[in-house]
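Biologist: I would like to go through some labels and the cut-offs behind them. Shall we start once the model is up?

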Amino acid sequence: MANGFLGAVGAATQAVFGRTPEAAEAARQVSWTYAVAGIVVMVLLQAILLVVPFAGALPEALRAVIDFALLALVMTAVPFAVTGGAGLLLDRRNSLPALFLFLALVLALSQLIGIILGAVGVGAGTAMLGILGYFSARASRSLFGVGWGIAILIGALVAIGSFAASFLLLALPTGQAMLATP
């Protein structure tokens with residue numbers, strides 16, 4: 001299973017960055033099993049990154065953890081919804097598992113990079129949305145076989161949708177408390 005998963009990750013990544021027809025054909029062979037496994041790994045990583053900082057004060061901070069988890073879930077769903085919808089509209093269903101696996105990899109790596117940058121005092125939230133938009137566009141172009149115009153539109157919708165989803169925090173109790181604090 002692990003070798004097959006790593007092979008699927010390699011095929012999806014090679015198809016996004018490679019220019020050979022063989023790479024694109026290998027990516028079409030990526031199964032939904034590997035795509036879902038990649039998404040589950042990314043969600044588990046995200047859950048760990050949400051809970052660990054609050055571990056010492058978890059009972060008191062449970063409301064904040066739940067609010068941030070809801071926000072993370074919505075923001076994570078946006079790239080999959082946008083690219084999945086584009087894949088269905090473009091009738092590229094056979095490329096969706098590889099695209100979803102690649103997006104899960106990009107989201108997991110961006111979480112880790114965000115933690116590292118945050119540890120050294122650099123806030124890179126908006127930049128990470130732009131990077132997510134770029135990789136969504138690049139993957140859409142390669143795996144869907146569309147031109148740069150459509151790919152950029154997909155990437156822009158991912159970035160804008162993720163940015164708009166971040167405002168959900170303002171409607172949640174934790175966000176309201178953060179706004180009320182001077």
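Biologist: Why is D91 called exposed?
Modeller: Its relative accessibility is 53%. Exposed means over 50%, buried under 20%, and partly exposed in between (1.4 Å probe, protein chains only). So D91 counts as exposed.

Biologist: What kind of model is this?
Modeller: This is a predicted model, where local features need pLDDT of at least 70, side-chain atom pairs count only at pLDDT 80 or more, and totals for chains, interfaces and linings use all residues. Residues are numbered from 1 along each chain as its sequence is written, and side-chain values use heavy atoms, without hydrogens and water.

Biologist: What makes D91 and R93 a salt bridge?
Modeller: Their closest N and O atoms are 2.5 Å apart. The rule asks for a side-chain nitrogen of Lys or Arg within 4 Å of a carboxyl oxygen of Asp or Glu. The pair therefore qualifies. The structure holds one salt bridge.

Biologist: Why is R93 called partly exposed?
Modeller: R93 has a relative accessible area of 47%, so it is partly exposed.

Biologist: And which label does V40 get?
Modeller: V40, in helix 3 (residues 32-51), is partly exposed because its relative accessible area is 42%.

Biologist: Why is helix 4 called roughly antiparallel to helix 7?
Modeller: The axes of helix 4 (residues 58-89) and helix 7 (residues 148-166) come within 9 Å and cross at roughly 160 degrees. Angles over 145 degrees count as roughly antiparallel, under 35 as roughly parallel, 65 to 115 as roughly perpendicular and the rest as oblique. So helix 4 is roughly antiparallel to helix 7.

How values were computed: Helix = DSSP H or I, 4+ residues; strand = E, 2+ residues; numbered from the N terminus. Axes fitted to C-alpha atoms, helices over the stretch in contact; angles between N-to-C directions.
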